[in-house]
Amino acid sequence: MNPFKILYAEDDQTLAFLTRDNLEQSGYTVVHCADGNTCLDQFNRQDFDICILDIMLPKKDGFEIAQQIRKTNTDVPIIFLSAKTLKEDRIKGLRLGADDYLVKPFSIEELLLKIGIFLKRSKHTVAENTIYAVGRYQFDSRNFTVTSENTKITLTQREAELLELFLKNKNVVLKREEILKAIWGDDDYFMGRSLDVFISRLRKILASEANISIENLHGIGFRFSVKS
């Protein structure tokens with residue numbers, strides 16, 4: 001039996017039944033909720049390895065749920081499932097702390113693949129427990145934290161993965177497609193926009209470190225520059 005537990009919020013009962021059935025057949029334990037309030041209540045009562053949230057939920061929507069989750073837990077991966085196809089909705093979801101966004105109708109195979117990637121990375125990260133120096137900060141890739149003498153910031157899993165990739169390639173130009181395939185496993189247009197959001201978030205986190213910058217090389221990619 002797969003030991004991982006999934007919190008799944010979806011008010012469409014037919015879709016919820018089919019998705020939950022497929023997840024359980026793949027060995028996951030699934031706690032399904034049909035509205036936002038129940039979802040948050042379950043999250044506060046139990047430990048989950050990943051959250052899969054519809055956006056258009058009764059009582060409290062997926063965006064509100066993600067905001068509440070991120071106030072107390074920045075580690076658990078969050079995947080949005082939504083019929084909302086506007087770029088603005090996807091970007092909003094990522095800015096609220098989601099790690100991925102699938103548009104309905106989605107294939108269960110793609111969802112299972114993404115879940116597997118997130119959970120594998122979480123397990124791998126815990127096993128390595130690598131500490132990196134980032135200027136006056138220390139980055140703990142196991143616990144997703146960036147700390148200094150007076151500051152402690154907890155990253156999301158995507159932010160931590162991106163920062164670790166940059167730190168392993170300091171002062172080296174990384175092409176956009178290289179970054180996207182390494183972190184997202186794909187290099188399509190939307191994933192490129194997702195990357196821009198996460199780059200922006202890392203810049204804000206490291207803004208006070210004058211010797212570090214994330215350079216945007218137009219049409220090529222990015223360089224994580226560290227001045228000695």
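This is a predicted model: local features need pLDDT of at least 70, side-chain atom pairs count only at pLDDT 80 or more; totals for chains, interfaces and linings use all residues.
Local features were taken at pLDDT of at least 70 and side-chain atom pairs at pLDDT 80 or more, while totals for chains, interfaces and linings use all residues. Residues are numbered from 1 along each chain as its sequence is written, and side-chain values use heavy atoms, with hydrogens and water left out.

We may begin at the N-terminal end. Helices (H or I, at least four residues) and strands (E, at least two) are DSSP runs numbered from the N terminus, and two strands are said to pair if DSSP finds at least two bridges between them. Strand 1 (residues 5-9) runs parallel to strand 2 (residues 29-33), and five bridges join the two. Within this pairing, Ala9 faces Cys33 of strand 2. Together with helix 1 (residues 13-25), strand 1 and strand 2 build a β-α-β unit that is right-handed; that is, with the strands pointing away from the viewer, the path from the first strand over the helix to the second runs clockwise. Lys5 is placed over the face of Phe48, 5.6 Å from the ring centre. The criterion here is NZ of Lys or CZ of Arg within 6 Å of the ring centre and within 35 degrees of the ring normal.

The aromatic residues come next. Rings of Phe, Tyr and Trp (its six-membered ring) pair if their centres lie within 6.5 Å, with planes under 30 degrees apart counted as stacked, over 60 as edge-to-face and the rest as tilted. Four aromatic pairs are present in the structure. Phe63 and Phe80 make an edge-to-face pair, because their ring centres are 5.4 Å apart and their planes meet at 85°. This pair joins distant parts of the chain, Phe63 being in helix 3 (residues 62-72) and Phe80 in strand 4 (residues 78-82), 17 residues apart. Phe80 also pairs edge-to-face with Tyr101, at 6.1 Å centre to centre and 65° between the planes. Here strand 4 is linked to strand 5 (residues 100-103), which holds Tyr101, 21 residues from Phe80. Buried means under 20% relative accessible area, exposed over 50%, and partly exposed in between (1.4 Å probe, protein chains only). Phe63 and Phe80 are both buried, the relative accessibility of Phe80 being 0%, and Tyr101 is buried at 4%.

Further along, helix 4 (residues 87-95) has several buried residues, including Asp89, Ile91 and Leu94. Just after helix 4, Gly97 adopts a positive phi of about 115°. Ser194, in helix 8 (residues 189-205), is buried with a relative accessible area of 1%. Beyond its neighbours within four places in sequence, Ser194 touches Leu94 and Trp184, contact being heavy atoms within 4.5 Å.

Finally, three strands form an open, antiparallel sheet in the order 10-12-11. Strand 10 (173-175) and strand 11 (212-217) are its edges, each pairing on one side only. Six bridges connect strand 11 to strand 12 (residues 221-226) in the antiparallel sense, with Val226 of strand 12 as the bridge partner of Ile212. Helix 6 (residues 157-167) lies across strand 10, strand 11 and strand 12, at about 70° to strand 12. Helix 7 (residues 176-183) lies across strand 10 and strand 12, at about 70° to strand 10. Axes are lines fitted to C-alpha atoms, for helices over the stretch in contact, and angles run from 0 to 180 degrees between N-to-C directions.
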